[in-house]
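Subject: Structure for your review

Dear colleague,

Please find below the structure that I am handing over to you. A summary of the findings follows it.

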Amino acid sequence: MKKKRFSIKVKFIIYVTLLIISLVSLILFIIEKREVNTIFEESKNKGFLIAKNIADLNLKPFLFWDKKGIKENIEKQIDNKLLYIIFYDKENKPFVATDSTKNFKGIYKSSYLKGNITPEHRYFNSLNLKKNGKTIRVLEVEIPIFAGDSKSKWGSVKIGLSLEEMYMEIRRTRLILLLLGGGGIIIGIISAIILAQRITNPIKKLVEGTIKISKGDFTYKINITSGDEIADLAEKFNEMTSKLLKSKKEIEEANKKLIQAEKLASIGRISTGIAHEIRNPLTSVKLNIQKVLNDANIKDDEREHLGIALEGINQIDKIVKDILDFARVTRLNLDEFSLPSIIEESIKLISNELKGKKITIEKSFESNLPTIIVDADKLRQVFTNLLMNSIEAIERKGKIKIIAGAKNRKFVKIIISDTGCGIPSEILPEIFEPFFTTKSSGTGLGLANAKKIIEQHKGSIQVFSERGKGTTFEIIIPRRPK
Ligand SMILES: Nc1ncnc2c1ncn2[C@@H]1O[C@H](COP(=O)(O)OP(=O)(O)OP(=O)(O)O)[C@@H](O)[C@H]1O
Ligand SMILES: [Mg+2]
């Protein structure tokens with residue numbers, strides 16, 4: 001069976017409510033006890049005072065045993081509070097009593113039947129009496145009567161006071177206390193609910209956030225501004241998730257790189273194998289064609305055909321060379337070079353390709369650019385590849401701009417941009433892939449090779465292009481690789 005589960009909020013409210021109820025009940029109980037005691041004490045004192053008054057007023061007739069005089073006096077005093085009065089003689093026998101005593105049973109006995117009674121003696125007792133079938137709570141008070149300095153008791157007077165009024169007052173007090181207590185409990189419970197809400201809302205948010213994050217949403221931020229331990233926890237949680245997000249991205253990136261590297265390695269293995277197999281027969285074909293061409297006896301049209309065949313062979317040769325270049329894993333041959341001079345050399349290498357097109361090359365090299373430590377041959381390959389692409393992208397007329405300068409104290413930046421045909425955005429992510437080409441005579445290894453070399457230098461290469469407007473390549477490399 002599933003155990004019933006209470007939320008922290010409900011538990012908190014239940015505990016606090018129980019606590020408040022027990023506290024309020026305890027306080028009420030104590031207050032009530034004291035209040036009832038005080039009221040009872042007051043009634044008792046009042047009773048003694050009345051009894052003393054009656055005794056004093058009737059002292060004279062009592063000393064003369066004037067039964068009639070006393071009776072007349074006391075009969076007048078009976079009302080619904082003072083229920084009865086009884087005077088006792090020396091022998092504790094009822095001497096005079098009000099008529100009202102007939103209404104009650106068992107009240108005639110004096111309480112001073114034995115013992116040594118002094119003037120200070122006070123007797124009181126609360127009892128239930130029946131009057132016309134109705135129970136009345138009564139406080140009986142008896143005091144002794146002493147005449148002058150006499151050492152022995154002359155008699156005593158007992159009165160019966162109705163406690164109904166006192167109980168009414170007690171009931172009223174109880175009601176007020178109950179109302180106060182109830183109000184206190186309600187206020188307490190409301191406060192507990194508000195407090196519980198305040199405490200548990202951030203916890204709820206935290207739990208919701210944790211669930212979201214556990215489902216893989218690492219971008220979720222828990223927003224708690226309560227400024228307490230929960231807020232601290234949420235902050236730490238957010239820190240943790242952003243770290244998780246970062247490592248997740250890093251892992252993904254590393255994975256991608258690993259897959260790419262694997263891919264490149266297998267492409268490399270396969271293509272080098274093929275390239276090697278092709279190279280020897282190709283060289284022999286090439287040599288044989290050249291041999292035939294050297295023969296002066298062949299006809300002009302035969303010479304032309306052989307020339308075309310040789311061109312084709314040369315192209316295959318270039319492709320094979322490109323593949324071998326790309327696939328070969330070589331260590332960088334690092335040395336100190338001037339970046340502008342490497343660029344200038346690259347421009348010289350492609351100057352032949354500029355023929356037949358109206359292309360201006362604009363150079364902007366930062367003056368006093370410090371030397372860099374690179375593999376100049378490889379870097380030259382990168383620049384010539386990029387410049388070749390730019391030339392090929394420009395149909396007849398255009399501009400190629402080369403900017404070189406410091407990016408910051410540790411890196412240099414080279415920008416090569418052209419006003420060529422641009423690259424459609426849908427193929428932009430693929431242009432660095434090996435063998436990706438849109439050209440009929442291209443191998444698609446130029447940019448893949450460039451990227452490989454830049455990454456070997458611990459740098460980066462980025463492309464920005466807009467169809468019809470032109471293309472910009474941005475290369476960043478460290479001045480000295482680690
Ligand atoms: N500057 C550029 N302007 C327009 N398109 C470009 C530019 N540079 C590269 N490209 C596009 O990227 C593709 C890949 O370029 P990459 O240099 O890798 O191969 P390629 O030039 O086609 O062949 P090759 O191996 O002979 O260089 C190109 O086919 C071309 O579509
Ligand atoms: Mg190219």
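In this predicted model, helices α5 and α6 cross in a left-handed manner. The residues that α5 contributes to this contact are G268, S271, T272, A275, I278, R279, L282, V285, K286, I289, V292 and L293. On the side of α6, the contact is made by R303, L306, A309, L310, I313, I316, D317, V320, I323, L324 and A327. By class, 16 of the contact residues are nonpolar, three are polar and four are charged.

As to the geometry, α5 spans residues 229-294 and α6 spans residues 300-327. Their axes come within 9 Å and cross at roughly 155°. Angles over 145 degrees count as roughly antiparallel, and the two helices are therefore roughly antiparallel to each other.

The domain division may also be of interest to you. Domain 1 covers residues 8-172, and domain 2 covers residues 332-478. Between the C-alpha centres of these two domains there is a distance of 117 Å.

I turn next to the ligand. Ligand 1 is surrounded by 22 residues, and the closest are A393, T437, G442, G446 and L447. Two helices, α8 (376-393) and α9 (446-456), each supply at least two residues of this shell. The largest share comes from α8, with four residues. In terms of class, the shell around ligand 1 comprises 12 polar, eight nonpolar and two charged residues.

With kind regards

Technical notes:
Residues are numbered from 1 along each chain as its sequence is written. Chains are lettered from A and ligands numbered from 1 in the order in which they are written. This is a predicted model: local features need pLDDT of at least 70, side-chain atom pairs count only at pLDDT 80 or more; totals for chains, interfaces and linings use all residues. A residue is near a molecule or strand if its C-beta atom, placed from the backbone, lies within 6 Å of it. Ala, Val, Leu, Ile, Met, Phe, Trp, Tyr, Cys and Pro count as nonpolar, Asp, Glu, Lys and Arg as charged, and the others, Gly among them, as polar. Axes are lines fitted to C-alpha atoms, for helices over the stretch in contact, and angles run from 0 to 180 degrees between N-to-C directions. Angles under 35 degrees count as roughly parallel, over 145 as roughly antiparallel, 65 to 115 as roughly perpendicular and the rest as oblique. A crossing is left-handed if the near helix is turned anticlockwise from the far one by less than a right angle, and right-handed if clockwise. Two residues are in contact if their C-beta atoms, placed from the backbone, lie within 7 Å. Domain bounds come from an automatic or database domain assignment.
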